[in-house]
Amino acid sequence: MNIWQVLSSTWNMEPWVLISALALLVGYGIATGFKLTKLSALYISGLLIFVLALVSPLDFLGRTYLFSAHMMQHILLLLVVPLLLLLGIPKALAEKALKIEPIGSVMRVLGNPVVAWFFGVGAMWVWHLPSLHDTVLANDSLYIAQQISFVLIGMIFWWPVFAPVESRRLSPLVSTLYLSSACLGCTILGMLITFAGAGLYTAYLNPVDSIGILPLIREELCLTPGVDQQIGGLTMWVPGCLIYLTASMVTIARWYGASEDYELISDSGTDGLVTATSQENK
Amino acid sequence: MSTRIPIVPENVKPLPALKENEGMLTWVASIDHKQIGIMYIIVSMIYFLIGGLEALLIRTQLAQPENAFLSPEVFNQMFTMHGTTMIFFVVMPLLIGMGVYLVPLMIGARDMAFPRLNALSFWLVVFGGILLYYSFFTQSGASEVGWFAYAPLSEKPFSLNKGPTYWALGLLATGIGSIASGLNNIVTILTLRTAGMTMRRLPLFVWMILVTSFLIIFVFPIIASAFSMMLLDRLLGATFFTPAHGGSAILWQHFFWGFGHPEVYILVLPAFGIISEVIPVFSRKPIYGYEFIAGSTVAIGLLSLGVWAHHMFAVGLGNVANVYFALASMLIAIPTGIKILNWIATMWGGKIWFATPMLFATAFIIEFVIGGLTGVAIASVPIDWVVTDSYFIVAHFHYVLFGGSIFAIFAGVYYWFPKFSGRMLSETIGKWHFWLTVVGFNMTFFIQHFLGVMGMPRRVYTYHDFPYWGSMNMISTIGAFVLAISVIIFMWNVRYSLKHGKKAPDNPWNAWTLEWATTSPPAVHNFDLVPPVRGRRPLWDLAHPDNPDEPNAKIV
Amino acid sequence: MANNKMLIKFFIASESIFFVMLILAYINFHGSNVEGPNAVNSLNPLRTGIFSLFLLASSLSVWLAGRSLVTKNHFMMKIWILVTIILGAVFIYGQASEWLGLIAQNITISRNVFGSTFFTLTGFHGFHVCVGLLMLSILLGLAMFGDFKGPKSDGVECVSIYWHFVDGVWIVVYSVIYLWAFL
């Protein structure tokens with residue numbers, strides 16, 4: 001088999017993926033009235049990436065042969081898909097949903113930045129503990145649970161920054177700190193994986209070569225276990241961090257674009273002269 | 001809790017008070033941000049002269065092939081101390097000092113949030129430097145291991161002298177001082193802004209200081225832990241960085257560059273801030289794309305944290321790692337390019353007034369672009385493999401640090417000197433200073449690009465008489481002496497102008513930020529009254545009540 | 001004033017990077033000492049775990065001191081600060097005796113990379129605990145002379161934030177050094 005044959009023959013139409021994506025799509029359509037807007041385009045592209053990440057060869061290769069493929073899928077499911085889904089939710093819908101108890105109070109707890117941060121960074125770290133990762137690969141239902149948890153936790157993680165309702169968002173500067181500290185968390189993990197030396201995840205060392213493409217991967221593509229693991233670690237580290245960074249830039253750009261906070265201008269004293277600010281008169 | 005205990009006497013005279021013959025106590029015991037800022041600048045200037053002297057000794061040794069002016073050991077000490085001094089005791093304290101002086105004035109505050117902490121930071125830097133230079137008086141002299149002190153060369157078995165120990169101790173003290181001033185700046189900028197001075201109206205210099213301060217508090221702990229480990233290795237026989245005993249020399253490189261690369265941006269971001277203040281004032285236009293300059297600074301700050309491994313392409317991290325880091329490093333060119341374009345767009349169509357600050361700012365753009373372009377070149381792995389550890393690298397980082405930071409600092413000194421001292425620097429001498437700096441700088445360093453490509457390695461105390469090497473090095477050395485003359489002219493300008501300079505009005509350049517609203521030099525309490533802030537250019541609004549900037553300042 | 005608390009929070013952010021680096025150094029050398037002393041054959045997780053409980057309890061007591069400050073219960077605040085100091089001191093005693101035990105077996109900072117990383121990491125943490133104890137003692141001394149009547153005090157609140165941080169660091173350090181070796 002050459003590489004194109006591999007890529008064309010390893011699509012795996014998992015029913016649970018298609019059904020859940022369809023359910024999410026229909027649910028969204030019912031809630032928003034089946035109109036194609038900018039928001040729904042974001043939402044639908046999120047669903048598309050969700051489906052692609054789980055039925056395309058990325059999923060097959062990531063489960064059996066390549067850690068790097070797993071990591072790309074992981075980045076898509078944890079960082080990209082939930083972000084797009086969250087951005088696609090209209091403000092009015094979210095406001096309505098948040099009024100319904102217990103959704104409102106649950107999101108107040110989960111949307112707390114500290115909680116959300118630990119969920120987001122924790123998902124990355126815990127699911128990549130070597131022993132746990134190997135177990136997950138061997139167990140189908142655990143694998144499905146893992147993928148679903150990525151998307152859910154991803155939404156929790158992005159909530160404090162990109163919640164559809166502005167009042168639930170952190171201020172732009174705090175968002176930047178929130179995202180850059182998360183970036184630090186994924187940098188450290190990526191670094192550890194990159195420099196750990198081959199064989200951190202034993203399942204990828206000698207995969208069961210069910211369709212006979214191991215020589216192709218190892219020799220023609222030169223993806224030895226060491227190189228594969230390095231690509232995986234670096235994918236988490238560099239592009240992963242770039243997503244956080246881009247998100248911080250978006251928040252800052254949005255802040256500059258927003259209209260000036262007039263409360264601060266009408267603050268007492270600004271119309272006339274004031275004395276210099278100091279600790280004492282603060 | 002708010003009453004202060006008067007442990008030290010509060011100074012009562014406006015600055016500068018030295019000539020009033022009141023003794024040094026008003027300065028040594030001062031917790032006033034203006035005095036501390038000036039002391040930062042004076043101390044860094046002293047270190048600038050020392051570091052420059054070391055550079056001259058290096059260049060004299062290299063002026064001709066097979067020279068025996070300096071012994072190899074002394075040569076090694078010279079380049080180590082030159083690099084360390086210029087980075088940690090010249091550029092950083094100069095920029096921090098200008099920040100400490102200007103930030104409270106620019107945001108309309110009485111002082112820094114923590115005046116005593118401010119004094120502590122300054123004195124830690126001073127004593128860190130003394131600790132570093134004390135090593136010259138120990139047996140077999142100062143550190144000889146280069147400013148990045150690669151293990152295992154810096155470890156006990158290979159450096160038996162005390163030099164590296166003092167080096168690490170001195171830098172540890174300085175680093176703690178820098179963290180303290182970073183924390184102080186952050187809290188000051190976030191909490192002590194005058195009414196109306198929202199984050200979106202902050203002068204860009206203050207923005208840059210804010211981002212730099214965040215970088216400082218997040219990367220200096222990295223090097224503090226690395227220095228601690230190095231000291232434990234050297235003093236208690238720990239084995240962190242000694243491969244012979246199970247340690248890892250590469251670990252030092254990761255730690256060092258994890259700090260060292262963001263450090264480059266700590267050295268250059270405040271310089272960007274100075275340029276962003278000078279260029280609009282002397283082009284008589286508001287800054288073009290304020291949002292982009294501030295936003296791209298944040299992007300540079302964040303990106304800089306994740307690209308250190310491009311200093312380690314020759315180490316053997318593997319091709320995959322090299323490729324990722326090369327790509328990430330090249331990304332930094334985007335936000336940096338945005339800034340350059342914004343400055344040029346600000347000048348475009350403006351009524352440009354080429355006073356000395358503007359001359360330096362314009363030269364900064366050109367020299368920094370050269371340094372930036374070579375930077376993008378060596379971010380590419382194959383090019384880096386050819387020129388790494390050659391004079392090409394030396395030329396590159398001098399274009400960034402001298403052509404970038406030092407040019408901007410000169411621009412800033414000429415720009416704010418009237419505010420610091422109440423007198424103008426001489427424009428005539430200033431122009432001589434400027435042109436000699438440009439000629440000397442380019443003569444010294446441009447030719448080093450070629451030397452590097454021809455294969456001359458850095459940090460060699462002498463070289464064989466290969467074709468052209470001798471003459472090219474001689475040109476570089478002559479350039480260094482021209483540069484030295486320009487620095488002497490600058491010092492003389494400062495000395496002369498302090499005594500005989502033209503009296504400076506409050507706002508000699510017709511600038512728009514708050515520090516020009518107060519007297520020159522400012523009173524101890526900074527402002528009698530702070531003008532209202534309704535836009536990004538409060539003094540423009542004050543002078544043109546009929547035509548103020550829009551509050552939201554959509555000037556793009 | 002909000003300034004003081006903001007300062008201590010950013011200071012803690014800076015400090016955590018310092019500890020992250022020390023922990024990374026430990027992780028980097030984890031498993032490189034198969035022979036000779038290492039975490040598995042030299043440490044006693046149970047004993048240190050028990051002493052850790054004292055440190056964790058001290059976080060609770062310093063929180064209670066903060067509550068007493070808010071309710072203006074000056075006497076209980078002094079008691080809780082004293083309890084915190086005692087609990088912290090017990091923890092430091094545990095650390096010191098562990099160190100002495102290791103040194104008696106000739107496991108020192110210069111023995112191998114396990115020794116280097118272990119003593120550096122726990123040493124810097126212990127140093128931070130000692131600094132915290134010093135600050136708590138100053139608080140107690142000032143309180144004895146009648147300071148901190150409540151309901152607010154930046155001094156008490158900042159020291160309390162710092163103390164929680166020192167505690168949190170220990171949870172990570174204990175997990176990385178002890179739990180990782182024995183689980």
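Me: Helices (H or I, at least four residues) and strands (E, at least two) are DSSP runs, numbered from the N terminus. In which helix does R218(A) lie?

Reply: R218(A) sits in α12 of chain A, residues 214–220. This is a predicted model: local features need pLDDT of at least 70, side-chain atom pairs count only at pLDDT 80 or more, and totals for chains, interfaces and linings use all residues. Residues are numbered from 1 along each chain as its sequence is written, while chains are lettered from A and ligands numbered from 1 in the order in which they are written.

Me: How do I read two packed helices, and what about α9(A) and α10(A)?

Reply: Packed helices are described by the angle and the distance between their axes. Axes are lines fitted to C-alpha atoms over the stretch in contact, with angles from 0 to 180 degrees between N-to-C directions. Those of α9(A) (130–138) and α10(A) (140–162) come within 5 Å and cross at roughly 115°. There, T135(A), V136(A) and L137(A) meet L142(A), Y143(A) and Q146(A).

Me: And how many residues join chains B and C?

Reply: On chain B, 28 residues are in contact with 24 of chain C. α6(B) gives the most to chain B's side, nine residues.

Definitions and conventions:
Two residues are in contact if their C-beta atoms, placed from the backbone, lie within 7 Å.
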